[in-house]
Amino acid sequence: MATSEIPLEFEREKLILRIDETIAADPNAISGLVDRVMGIARLMSCAKGKEMEIELALREALANAVVHGCKSDPGKQVQCCVGCDEGRGMLVVVRDPGEGYDPFALPDPTEAKNVFSTHGRGIFLINRLVDEVQIRRNGTEIFLRVK
């Protein structure tokens, strides 16, 4: 798992983009939020050249929050915050109200016994798509950064 010694928070006054949205924990709400975030990010050139990676990582993080963190309960909510500044890149934070998990206990999806599993690749993919990943608050919050 990729982690960083440097906090991933950005300085508000240096942001050229800031999005804070909350969606119901409904899998059908994910695409609309991702489309809005990516539309604005493309317009602002926040992730120039890495749009596909950010889009897929954001979808995976939101899907994990909805399905695992909220157990697909549309009465619960998932928060997504996006920030972008020219010096540090793009920061995406996804939070859910779930119980969390131990990221070090996740099975390796590249091991032979897990290759044909129908789940368990989200965090693995996220770690390969973005430059930095931090999982916080017992797994209920994930920070993603693309430089």
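**View 1. Helix α2 supplies the largest share of the lining of the largest pocket, nine residues.** The model is predicted, so local features need pLDDT of at least 70 and side-chain atom pairs count only at pLDDT 80 or more, while totals for chains, interfaces and linings use all residues. Residues are numbered from 1 along each chain as its sequence is written, and side-chain values use heavy atoms, with hydrogens and water left out. The elements giving two or more residues to the lining of the largest pocket are α2 (51–69), α3 (122–129) and β5 (141–146). Helices (H or I, at least four residues) and strands (E, at least two) are DSSP runs, numbered from the N terminus.

**View 2. The largest pocket has a volume of about 920 Å³.** A pocket is an open set of points on a 1 Å grid over the protein atoms alone, where a 1.4 Å probe fits, with protein on both sides within 12 Å along at least five of seven lines; lining residues have an atom within 4 Å of a point. Grid points are joined across faces, edges and corners, and the volume is the space filled by probe spheres set on the points. The lining of the largest pocket consists of 39 residues, and Asn 64, His 68, Tyr 101, Leu 106 and Ile 123 lie nearest the pocket centre. Sorted by class, this lining holds 18 nonpolar, eleven polar and ten charged residues (nonpolar: Ala, Val, Leu, Ile, Met, Phe, Trp, Tyr, Cys and Pro; charged: Asp, Glu, Lys and Arg; polar: the others, Gly among them).

**View 3. Cys 46 and Cys 84 form a disulfide, with sulfur atoms 2.4 Å apart.** A search of the whole structure finds one disulfide (a pair of cysteine sulfur atoms within 2.5 Å). The S-S torsion of Cys 46 and Cys 84 is about -120°, so the disulfide is left-handed. Cys 46 sits in the loop between α1 (27–44) and α2 and Cys 84 in strand β2 (residues 77–85), so the pair ties together parts that are 38 residues apart in sequence. Cys 46 is buried at 11% relative accessibility, and Cys 84 is buried at 2%. Buried means under 20% relative accessible area, exposed over 50%, and partly exposed in between (1.4 Å probe, protein chains only).

**View 4. The sulfur of Cys 80 is too far for a bond with the closest cysteine sulfur, in Cys 81.** The distance from the sulfur of Cys 80 to that of Cys 81 is 6.7 Å. Cys 80 is buried, with a relative accessible area of 1%, and Cys 81 is buried at 11%.

**View 5. The buried residues of α1 line one face of the helix, because they fall within an arc of 125° seen down its axis.** The arc is that of the directions from the helix axis to the C-beta atoms. Ile 30, Leu 33, Val 34, Val 37, Met 38 and Ala 41 are buried in α1, whereas Asn 28 and Leu 43, on the other side of α1, are exposed. With 18 residues, α1 reaches 27 Å from its first C-alpha to its last, close to the expected 26 Å (1.5 Å times one less than the number of residues).

**View 6. Lys 71 has a positive phi, near 55°, and is not a glycine.** Most residues other than glycine have a negative phi. Lys 71 lies in the loop between α2 and β2 and is exposed, at 63% relative accessible area.

**View 7. Arg 137, also not a glycine, has a positive phi of about 50°.** Arg 137 is found in the loop between β4 (132–136) and β5 and is exposed at 59% relative accessibility.
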